[in-house]
Amino acid sequence: MPQAADAAPAPDPFDIDQAFRLLREAVAPLPKAAMFELRDRGHASPFEQLVAALISARTRDETTTPVCLRLFAVARTPAAMAALAEEALVGLLHGATFPEPKARDILALSRSIAAAGTVPDTAEGLMALRGVGPKIAALTLGVGFGVPAISVDIHVHRIVNRWGYVAAGTPERTMRALVAVLPERYWIELNERLVPFGKAICTGERPRCSGCLLRRLCR
């Protein structure tokens, strides 16, 4: 029987190297993800990246970046951060979600790091700090230390499952699936590219598929 005239062509075999080449092109004109924007503005230290990642939780990048820049203009080291009064820190975090509990977490981890003399450089060590979960730890390792780590937010989770690159029902399961299949050279870059891509192109609702550079790869 002849193929129906309106049948969609089968997608090309998924090529992760080609995907990243196209992603770089697609997001080049877009605003950067907050952690990478801060890195490129000179706030790349593990401590600054840790604090920024904590601030970014449930906060839009458009808010995270100016809040962090305002905070780092006042305190950029564990000792300087720990010396801030809680009320002053809450004020500096204005605009971010949950400024009061985040201020308490930042003060607690700053004091711990100041006492230890260094930021932990393992996921386990970072997650022992108050307020630090797997996503914050992975961002700190990847962007702050340059240690390959996969950070999965809602954009990463949505896109890699839409691609058909993994099939996982939750961000946590997506992270485990990616560890098994994604080449390590892309672990840090994954978040850098997919956050702006997911915000502007491969959106949660009404994704802009017709103009997407990756449409022939996507399932």
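Predicted model: local features only at pLDDT ≥ 70, side-chain atom pairs only at ≥ 80, totals over all residues.
Figure 1. In the UniProt record, an unreviewed entry, residues 55-200 carry the feature "domain: HhH-GPD".

**Figure 2. The packing of helix H3 against helix H7.** Helix H3 comprises residues 46-56, and helix H7 comprises residues 99-116. Their axes come within 10 Å and cross at roughly 160°. H3 is therefore roughly antiparallel to H7, since angles over 145 degrees are counted in that class. The crossing in which H3 passes H7 is right-handed. On the H3 side, the contact involves Phe47, Leu50, Val51, Leu54, Ile55 and Ser56. These residues meet Lys102, Asp105, Ile106, Leu109, Ser110 and Ile113 of H7. Sorted by class, the contact of H3 with H7 contains eight nonpolar residues, two polar residues and two charged residues.

Figure 3. Threonine 65 belongs to helix H4, which covers residues 61-72. The relative accessibility of threonine 65 is 11%. Threonine 65 therefore counts as buried, because that class holds residues under 20%. When residues up to four places away in sequence are left aside, threonine 65 touches Ala34, Glu37 and Leu38.

Figure 4. Alanine 82 is part of helix H5, residues 78-82. With a relative accessibility of 19%, alanine 82 counts as buried. Leaving out residues up to four places away in sequence, alanine 82 touches Leu107, Ser110 and Arg111. Alanine 82 and leucine 109 are separated by 27 residues in sequence, and their C-alpha atoms are 8.4 Å apart in space. Leucine 109 is also one of the H7 residues in the contact with H3.

Figure 5. Helix H10 runs over residues 154-163. Seven of its 10 residues are buried, so H10 is largely enclosed by the rest of the structure. The buried residues of H10 are His155, Val156, His157, Arg158, Ile159, Val160 and Trp163.

**Figure 6. The contact between helices H10 and H11.** The axes of H10 and H11 are 9 Å apart, and the two helices pack at an angle of about 60°. H10 and H11 are therefore oblique to each other. Their crossing is left-handed. H10 contributes Val156, His157, Val160 and Asn161 to the contact, while H11 contributes Pro171, Thr174 and Leu178. By class, the contact of H10 with H11 consists of four nonpolar residues and three polar residues, with no charged residues.

Figure 7. Aspartate 121 is placed in the loop between H7 and helix H8 (123-127). Its relative accessibility is 48%, so aspartate 121 counts as partly exposed. Aspartate 121 touches Leu141 and Phe145, with residues up to four places away in sequence not counted. Aspartate 121 and phenylalanine 145 are 24 residues apart along the chain, and 7.3 Å separates their C-alpha atoms.

**Figure 8. Two residues with positive phi values.** Most residues other than glycine have a negative phi. Phenylalanine 98 has a positive phi, near 50°. This residue, phenylalanine 98, lies in the loop between helix H6 (86-92) and H7. At 46% relative accessibility, phenylalanine 98 counts as partly exposed. Arginine 206 also has a positive phi, near 55°. Arginine 206 is located in the segment after H12. Is arginine 206 buried or exposed? With a relative accessibility of 76%, arginine 206 counts as exposed, because that class holds residues over 50%.

Conventions. Residues numbered from 1 in each chain as written. Heavy atoms only, no water. UniProt positions renumbered as here; feature names shortened; annotations may be inferred. Axes fitted to C-alpha atoms, helices over the stretch in contact; angles between N-to-C directions. Helix = DSSP H or I, 4+ residues; strand = E, 2+ residues; numbered from the N terminus. Parallel < 35°, antiparallel > 145°, perpendicular 65-115°, else oblique. Left-handed = near helix turned anticlockwise from the far one by under 90°. Contact = heavy atoms within 4.5 Å. Nonpolar A, V, L, I, M, F, W, Y, C, P; charged D, E, K, R; others polar. Buried < 20%, exposed > 50% of the residue type's maximum accessible area, 1.4 Å probe, protein only.
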